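Here is a friendly walk through one model, from its overall build to a few residues worth a look. Keep the structure open beside you as you read.

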Amino acid sequence: MTVSLKDQVVLVVGASSGIGRATAVMMAREGAKVMASARRNERLLEVKAKMAAEGLVFEVFAADATDVSQMNRLAEATRQKLGTVNILVYAAGTNTPDRSMLRLRPDIWDGIVLTNLNSAYYITQAVLPAMREVRNGHLIYISSISGHTPDISGAAYQAAKRGLIGLSHAIRVEEKENGIRTTVICPGLVDTELLDKRPVKPTPEMRAQALLPEDVAEAILACARLPPRAVIPELTIVGSAL
Ligand SMILES: NC(=O)c1ccc[n+]([C@@H]2O[C@H](COP(=O)([O-])OP(=O)(O)OC[C@H]3O[C@@H](n4cnc5c(N)ncnc54)[C@H](OP(=O)(O)O)[C@@H]3O)[C@@H](O)[C@H]2O)c1
């Protein structure tokens with residue numbers, strides 16, 4: 001039996017576009033109380049207006065995930081407006097056209113690892129204490145197939161995405177005794193704005209075969225619907241034709 005998402009408090013970081021946005025929308029349509037966060041406030045307000053028109057509970061909070069104090073404020077605002085976070089989805093991420101070792105520089109490396117890995121820890125440490133108190137919580141991180149299969153996405157991106165897989169598994173092993181579960185999702189190519197950051201853009205044919213953000217969101221919801229006794233520690237999802 002799956003668990004209903006109705007009235008569950010879901011915090012999505014990276015909710016202004018792509019996978020995070022699709023997840024936030026789908027969660028709200030399932031009856032969850034959603035807090036959507038990212039840096040682009042106008043994008044968040046656009047989704048909020050759409051959700052409000054459907055009569056759904058959908059709050060937004062503009063914040064930079066790379067800033068620890070902003071993540072602490074986001075966790076507190078979510079608790080005050082909606083209650084203790086039941087499900088955190090960390091879908092923020094980025095890459096750079098300067099990904100090859102020939103073009104990578106230390107400041108670019110730092111930025112990629114900060115957004116894709118360190119910041120996942122920042123929001124995690126902000127929501128964990130309240131989850132421990134209620135002995136319930138599901139932390140869902142969006143890594144990438146690049147996190148376990150070598151490719152040309154660049155050393156910084158792959159190192160960060162591998163790191164995120166490690167973070168997710170480490171927290172699960174440590175926090176399971178507190179009723180907290182973690183899942184790390186590793187998507188293949190998804191047709192989102194992130195692809196515009198590639199040095200060589202995927203062809204229209206490749207984009208047409210890619211996953212849609214809604215496909216990954218469906219996988220996230222499937223993991224979130226499992227009863228507390230069950231968890232999918234790691235899940236890979238790819239376009240069936242790629
Ligand atoms: N697209 C793919 O092929 C693919 C494949 C595997 C894994 N992934 C992973 O999936 C995740 C979602 O990416 P996507 O494909 O959906 O791309 P996307 O549409 O570009 O979404 C990225 C999201 O991250 C947010 N973000 C970036 N930096 C942030 C920061 N400093 N603080 C807060 N939010 C930040 C962006 O919002 P703001 O800019 O408004 O802050 C946006 O909402 C990423 O981790 C990506 O690495 C993507």
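## Ground rules

A residue counts as buried if 20 or more other C-beta atoms lie within 10 Å of its own, as exposed if 12 or fewer do, and as partly exposed in between, with C-beta atoms placed from the backbone. This is a predicted model, in which local features need pLDDT of at least 70, side-chain atom pairs count only at pLDDT 80 or more, and totals for chains, interfaces and linings use all residues. Residues are numbered from 1 along each chain as its sequence is written.

## Overall build

The chain holds 7 helices and 7 strands; helices (H or I, at least four residues) and strands (E, at least two) are DSSP runs, numbered from the N terminus. Read from the N terminus, the order is β-α-β-α-β-α-β-α-β-α-β-α-α-β. The radius of gyration is 17 Å, close to the 18 Å that the globule rule gives for 242 residues, so the chain is as compact as a globular protein of that length. That radius is taken over C-alpha atoms, and the rule is 2.2 Å times the number of residues to the power 0.38.

The C-alpha atoms fill a box of roughly 50 × 40 × 35 Å along the principal axes, and 43% of the 242 residues count as buried. Among contacts with a separation of 6 or more, 71% join residues 24 or more positions apart; a contact means two C-beta atoms, placed from the backbone, within 7 Å.

## Helix H2

H2 covers residues 41-53, and its end C-alpha atoms are 18 Å apart, in agreement with the 18 Å that its 13 residues should span at 1.5 Å a residue. The expected span is 1.5 Å times one less than the number of residues.

Which residues of H2 are buried? They are Leu-44, Val-47 and Met-51. Seen down the axis, these buried residues fall within an arc of 65°, so they line one face of H2; the arc is that of the directions from the helix axis to the C-beta atoms. The face turned away from them carries the exposed Glu-42, Ala-49, Ala-52 and Ala-53. H1, E2 and E3 are included in what covers the buried residues of H2. After H2 comes Gly-55, with a positive phi near 75°.

## Helix H3

H3 (residues 68-81) has 14 residues and reaches 20 Å from its first C-alpha to its last, close to the 20 Å expected. Its buried residues are Gln-70, Met-71, Leu-74, Ala-75 and Thr-78. They cover an arc of only 140° around the axis, which puts them on the same side of H3. Ser-69 and Gln-80 are exposed on the other side.

The buried residues of H3 pack against strands E1 (9-13), E2 (33-38) and E3 (58-62), and against H4. Just after H3, Gly-83 takes a positive phi of about 115°.

## Around the ligand

Of the 30 residues around the ligand, Gly-14, Gly-18, Arg-39, Arg-40 and Gly-93 come nearest; a residue is near a molecule if its C-beta atom, placed from the backbone, lies within 6 Å of it. Helices H1 (18-29) and H4 (106-134) are the elements that give two or more residues to this shell. H1 provides the largest share, 3 residues.

## Positive phi outside glycine

Asp-7 is not a glycine, yet its phi is positive, about 70°. Asp-7 sits in the segment before E1 and counts as exposed, with 12 C-beta neighbours inside 10 Å.

Arg-135, also not a glycine, has a positive phi of about 50°. Arg-135 lies in the loop between H4 and strand E5 (137-142) and is exposed, with 11 other C-beta atoms within 10 Å.
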